Amino acid sequence: MRRILSRLFSSVLLLWAVFTLTFLLTRFAPGNPFSEGRHLPPEVMAHLMSVYHLDRPLPVQYLLTLRQTLEGDLGVSYKATGIPVSEILSQTLPVSLSLGFAALCLSLFLGLLGGILIGAGPPLLSRILRQATTVLVGLPSFLLAAVLIDLLALHGGVFPVALWEGWRSAVLPVLALAVAPAGYLARVFAASMEETIESPFYRTALAKGVGSVRRILFHLVLPSLNAVLSLLGPLAAAFLTGSFVVETVFAIPGMGRVFVLSVMNRDYPLIMGTTLVYTVFLTVAILVGDLLSEAVDPRVRSV
Amino acid sequence: MSQGGRVRRSSFRGGVVPFLLLLALVLLALLPESFTGIDPLTQHARLVLAPPLTSGHLLGCDFLGRDLWSRLVSGSLVSLTVGVSVGILSTVIGGIWGILSGFLGRPWDPVMMRTLEIWYALPEILIATLLMLVLGHGLLAVVVALSIGGWMGVARVLRAETLRLREAVFMDAARSSGVSPLRLVFRHFLPNVMPVVLVMVLFRIPGGILGESTLSFLGLGLAPPQASWGVLVNEGWKALPVSAFMLIWPAAFIVLSLVSFQILADRLGRRLGVGR
């Protein structure tokens with residue numbers, strides 16, 4: 001219980017640090033959010049700056065924004081004039097979450113299957129798959145997306161090129177998002193299984209003559225699963241970064257795309273909102289991963 | 001003895017092909033004129049989107065009629081420079097943090113490690129993207145942003161290495177023979193962490209290359225007409241409906257270099273006993 005409380009405390013610390021850093025980065029960025037693409041009369045500019053409190057001294061702006069954020073108000077987007085950031089987030093977050101969840105399921109399936117085949121499959125297949133994961137882990141998601149679009153959408157015509165309408169349009173982005181993490185998972189899982197194979201209890205099972213399916217499933221795969229659980233944090237980070245690219249490529253109205261566009265547009269409240277939501281998401285993923293792996297394997301706790 | 005020699009050599013087997021590939025890539029990037037002989041920025045109106053092997057253009061031309069091969073070669077220099085610089089800079093930042101944390105011990109070590117852990121929760125590209133807000137779009141900006149985004153893994157490894165070496169017998173021997181602290185660090189400690197530092201640089205280079213190409217692809221990194229693999233992929237992506245070549249060539253360069261660097265770092269790390 002004390003451990004969880006201390007973890008929660010450091011999560012709050014992280015949120016505050018990210019808030020402050022993002023605030024400083026946006027305020028020290030050259031130019032201002034309203035100067036791009038159009039020339040405004042000075043009095044209009046001055047009015048805009050005062051409406052959004054951008055003419056106040058920096059510490060005042062900081063405290064104002066902090067209080068507003070603590071009250072749960074993320075402010076109003078500069079670019080999509082008048083639309084609250086929370087409304088934009090509540091529309092785009094579900095899209096990103098369902099995309100990410102589908103990709104997580106797919107990559108878990110592929111990664112575990114690949115890991116089992118590398119760790120316990122026939123030697124030739126194991127070697128081929130091991131080499132393949134080296135390439136997959138290094139494969140940037142935008143390249144995979146491009147290949148998929150070129151083959152299956154532009155020339156094959158099997159799936160739509162872009163947008164987010166119905167399950168057919170989800171197939172390619174989910175695939176593009178899931179493959180690299182799956183390769184990573186397979187490698188970690190295979191390495192963990194190699195360790196298990198060295199362990200005394202696996203050798204005991206081998207010596208006792210436990211049937212091969214039972215041996216592989218219960219004496220090899222299950223004890224090795226723990227390595228995968230503690231990967232939940234890094235995986236969440238990988239999906240997040242992947243979503244910036246994949247949502248941009250497939251023109252999916254999700255949060256990754258909103259984040260990239262908000263940085264391009266210098267839309268301060270939107271940058272702040274997306275970054276904070278991402279931070280919450282990441283800390284929750286890491287926390288859940290750690291708690292799960294502690295629950296499964298109490299030895300982790302003492303380390 | 002001969003047995004030992006053979007085992008050592010075979011542990012580097014498979015590192016030779018990636019090494020030669022990278023050597024070729026570096027030569028290509030450093031000596032562009034002798035390989036292409038064509039200016040990468042000259043536009044030929046008649047050769048817009050020409051396929052490969054059209055009138056002296058080995059890989060064809062892009063949507064402005066610029067020679068793809070020479071653009072790719074000049075982009076290689078940019079991408080490799082970014083990769084190597086990110087490798088070095090992030091290792092320097094992470095190294096200083098990790099070694100200091102390991103050497104200072106309590107009460108600094110737990111605080112520094114806690115800070116690191118908190119920072120580690122954020123993905124490299126997220127940090128780098130936010131930093132690009134302030135830094136602008138230049139080469140240096142990309143290098144600094146990616147290095148600040150990704151030094152944390154290096155710090156962890158080097159802290160562990162520092163803790164291990166601090167207790168080593170030769171350090172005790174040096175300490176007890178009355179060597180000054182500065183000499184202890186520079187003559188006895190640093191030469192012994194150098195192998196790990198080198199492997200870390202090598203591990204971070206593909207991260208830098210991938211980071212640059214991702215940022216540039218999203219339009220947040222380097223901007224045209226500056227050519228880099230990321231910028232070329234971005235352009236090739238836009239031209240995908242009309243021609244796949246503009247995407248295929250830079251993509252092939254990125255994948256080949258990433259995989260080569262990864263295998264090389266892996267092999268070198270295993271040979272020098274740096275765990276990963």
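What percentage of the 303 residues of chain A count as buried? Select chain A and keep the rule in mind: a residue is buried if 20 or more other C-beta atoms lie within 10 Å of its own, exposed if 12 or fewer, and partly exposed in between, with C-beta atoms placed from the backbone. By that rule, 37% of the 303 residues of chain A count as buried.

Some ground rules before we move on. This is a predicted model, in which local features need pLDDT of at least 70 and side-chain atom pairs count only at pLDDT 80 or more, while totals for chains, interfaces and linings use all residues. Residues are numbered from 1 along each chain as its sequence is written, and chains are lettered from A and ligands numbered from 1 in the order in which they are written.

**Stop 1: the two chains**

Chain A has 14 helices and 0 strands, and chain B has 12 helices and 0 strands. Both terms come from DSSP runs numbered from the N terminus: helices are H or I runs of at least four residues, and strands are E runs of at least two.

Now colour by burial. In chain B, 43% of the 276 residues are buried. Next, think about contacts, where two residues count if their C-beta atoms, placed from the backbone, lie within 7 Å. Take the contacts in chain A with a separation of 6 or more: 73% of them are between residues 24 or more positions apart. For chain B, among contacts between residues at least 6 apart in sequence, 68% join residues at least 24 apart.

**Stop 2: the nonpolar core**

Select Ala145(A) and Ala176(A). These two have the most contacts inside the largest nonpolar core, which has 131 residues. Such a core is a set of buried Ala, Val, Leu, Ile, Met, Phe, Trp, Tyr and Cys residues joined through C-beta atoms within 7 Å. Now highlight helix H7 of chain A, residues 168-198: it gives this core its largest share, 15 residues. Go back to Ala145(A) and look for its partners: leaving out residues up to four places away in sequence, it touches Ala176(A), Val246(A) and Val249(A).

**Stop 3: a buried arginine**

Type in Arg266(A). You'll land in the loop between helix H12 (255-265) and helix H13 (268-296) of chain A. Is Arg266(A) buried or exposed? It is buried, because 20 other C-beta atoms lie within 10 Å.

**Stop 4: where the chains touch**

Show both chains together. The contact takes 33 residues from chain B and 34 residues from chain A. On the chain B side, the elements that give two or more residues are H5 (108-120), H6 (124-135), H10 (181-218), H11 (229-238) and H12 (245-272). H12(B) gives the most to this side, with 8 residues.

Stay in chain B and pick Met113(B), which lies in helix H5. Met113(B) counts as partly exposed because it has 18 C-beta neighbours inside 10 Å. Now select Gly136(B) too: it is 23 residues from Met113(B) along the chain, and their C-alpha atoms are separated by 30 Å.

**Stop 5: helices H4 and H8 of chain B**

Select residues 68-104 (H4) and 152-166 (H8) of chain B. These helices pack at an angle of about 40 degrees, with their axes 7 Å apart. Residues in this contact include Trp97(B) and Phe103(B) from H4(B), and Leu158(B) and Leu163(B) from H8(B).

**Stop 6**

Now for another pair: which residues of H6(B) meet H10(B)? They are Glu124(B), Ile125(B), Ala128(B) and Met132(B), and they meet Gly211(B), Thr214(B) and Leu215(B) in H10(B). The axes of H6(B) and H10(B) come within 11 Å and cross at roughly 55 degrees.

Finish with helix H7 of chain B, residues 139-149. Its buried residues are Val142(B), Val143(B), Val144(B), Ala145(B), Leu146(B), Ser147(B) and Gly149(B). Show H4, H6 and H10 of chain B around them, as the buried residues of H7(B) pack against these helices.

Methods
Axes fitted to C-alpha atoms, helices over the stretch in contact; angles between N-to-C directions.
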